[in-house]
Amino acid sequence: MALENIRLEVMKTIESKVDGFIDQYLIPVDDIWQPTDLLPNLQGEEGLENVKQIREEAKELGYDFWVVLVADMVTEEALPTYESWLMDVEGVDQQRRADGEQNPWSKWVRHWTGEENRHGDALNKYLYLSGRVNMREIEKTTQHLINDGFDIGTGRDPYKNFVYTSFQELATNISHKRVGQLAKKKGNKMLGKMCNIIAGDEMRHYMAYREFVKTIFEHDPSEMMLAFHDMMKKKIVMPAQFLRESGEGIAQAFENFSNAAQRLGVYTTYDYIEILKKLNAYWEIDKMRALTDEAEKARDYLMKLPDRMTRIADRIAIPQDQYTFKWVENNGII
């Protein structure tokens with residue numbers, strides 16, 4: 001049987017569990033937070049005073065911080081790209097059944113998208129109210145990122161796609177959590193709370209996607225191992241890899257944002273390595289047996305990779321020069 005057909009069979013086999021995953025890892029619309037719960041109520045008498053407070057607190061946050069917060073927000077706002085990509089994965093059927101019910105996999109994607117959509121909304125509104133960034137330039141960058149799309153090396157393969165989402169959801173959890181901690185240290189409790197709550201959503205999503213992979217390992221261990229190996233050998237690229245500013249090509253913006261994140265300690269090469277270690281441990285890669293010869297070699301590669309990457313990371317120097325982005329008005333921000 002062709003590999004694509006095997007993957008489809010596995011997706012079909014675990015499809016019956018997807019509703020359970022939705023109940024366990026996602027939260028109903030009427031119960032989950034919405035962006036307005038975390039932002040000033042402009043219909044209330046204290047709304048404008050709360051906006052003034054946001055603007056005052058924002059003055060305490062440095063240049064690299066704003067660069068990272070903007071890039072995190074733009075990444076979240078490029079959600080149309082991520083939904084269309086996941087909807088094209090083998091086994092995700094967008095057509096409704098005869099009884100009107102959604103295919104469980106497409107239902108997952110849509111419900112996951114609904115939760116993720118709130119993140120960009122909340123951060124976008126905060127940035128607008130802060131008065132510390134050039135929103136028009138940010139909006140151009142967001143539109144460019146959606147227009148340009150991305151290529152994460154997964155194709156339509158569900159195995160590779162779920163490795164990617166497992167990794168990426170934990171990476172975004174770390175980034176939002178650290179940004180929130182920095183904001184709180186500077187006295188910005190509202191932004192700190194917002195980022196921490198968003199990070200909590202990302203953690204739930206990470207737990208779901210890693211469970212998808214674990215379930216696939218139970219049904220098709222060798223091919224799942226090879227998919228994991230392939231993704232890590234090529235390296236997990238961030239969804240904002242094609243980030244760019246207006247009038248610029250796809251080149252330096254993502255690298256300069258990444259350097260700012262590393263200087264702040266928001267997301268570093270060592271975090272990337274720790275995520276790999278966590279996935280290896282959760283999926284019990286070292287205990288996998290009854291694999292094909294090729295898959296055994298892949299397992300051994302994955303177990304040795306963290307140490308190899310650490311040795312390389314120890315030799316890499318992080319650029320300390322700040323790049324001036326069009327997004328952030330450098331009027332007194334240092």
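**Notes on the model**

Biologist: Where is Lys235 placed?
Modeller: Lys235 sits in the loop between α11 and α12. Helices here are DSSP runs of H or I with at least four residues, strands are runs of E with at least two, and both are numbered from the N terminus. The model is predicted, so local features require pLDDT of at least 70 and side-chain atom pairs count only at pLDDT 80 or more, while totals for chains, interfaces and linings use all residues. Residues are numbered from 1 along each chain as its sequence is written, and side-chain values use heavy atoms, with hydrogens and water left out.

Biologist: What is the phi of Lys235?
Modeller: Phi of Lys235 is positive, about 80°, although this residue is not a glycine. Most residues other than glycine have a negative phi.

Biologist: Is Lys235 buried or exposed?
Modeller: Lys235 counts as exposed, because its relative accessibility is 54%. Buried means under 20% relative accessible area, exposed means over 50%, and partly exposed lies in between (1.4 Å probe, protein chains only).

Biologist: And what about the phi of Glu284?
Modeller: Glu284, likewise not a glycine, has a positive phi near 50°. Glu284 belongs to the loop between α13 and α14 and is partly exposed, at 37% relative accessible area.

Biologist: Changing topic: how many salt bridges are there?
Modeller: The count is 21, where a salt bridge is a side-chain nitrogen of Lys or Arg within 4 Å of a carboxyl oxygen of Asp or Glu. One of them joins the side chains of Glu223 and Arg7, at 3.7 Å from N to O. Glu223 lies in helix α11 (residues 221-234) and Arg7 in helix α1 (residues 3-14), so this pair ties together parts that are 216 residues apart in sequence.

Biologist: Are those two side chains, Glu223 and Arg7, buried or exposed?
Modeller: Glu223 counts as buried at 17% relative accessibility, and Arg7 counts as buried at 8%.

Biologist: What does Asp148 pair with?
Modeller: Asp148 meets Arg244 in a salt bridge of 2.7 Å, N to O. That pair also links distant parts of the chain, with Asp148 in helix α8 and Arg244 in the loop between α11 and α12 (253-264), 96 residues apart. Asp148 is partly exposed at 26% relative accessibility, whereas Arg244 is buried at 17%.

Biologist: Which residue does Glu274 bridge to?
Modeller: The side chain of Glu274 meets that of Lys277, at 3.4 Å from N to O. Because they are three residues apart in helix α13 (residues 269-282), about one helical turn separates Glu274 and Lys277. Elsewhere, salt bridges with shared partners join Glu115, Arg118, Asp201 and Arg204 into one network.

Biologist: Which residues touch Thr141?
Modeller: Leaving out residues up to four places away in sequence, Thr141 touches Val74, Leu243, Arg244, Glu245 and Trp327; contact means heavy atoms within 4.5 Å. Thr141 lies in helix α8 and is buried, at 0% relative accessibility.

Biologist: Which residues of helix α6 are buried?
Modeller: In α6 (residues 79-87), the buried residues are Leu79, Thr81, Tyr82, Trp85, Leu86 and Met87. Their cover includes α5 (63-77), α7 (104-130), α8 (135-148), α9 (158-185) and α10 (189-219).

Biologist: Last topic, the surface: which residues form a positive patch?
Modeller: Lys233, Lys304, Arg308, Arg311 and Arg315 form one. Patches consist of residues with over 30% relative accessible area and no salt bridge, with like charges joined within 9 Å and nonpolar side chains (Val, Leu, Ile, Met, Phe, Trp, Tyr) within 5 Å. Helix α14 (residues 293-313) supplies the largest share of the patch, three residues. Arg308 lies in that helix, α14, and is partly exposed, with a relative accessible area of 35%.

Note on methods
Accessible areas come from the Shrake-Rupley method with a 1.4 Å probe; for residues, only the protein chains shown count as cover. Lys and Arg count as positive and Asp and Glu as negative; His and the chain ends are not counted. The place of a charge is taken as NZ of Lys, CZ of Arg, CG of Asp or CD of Glu.
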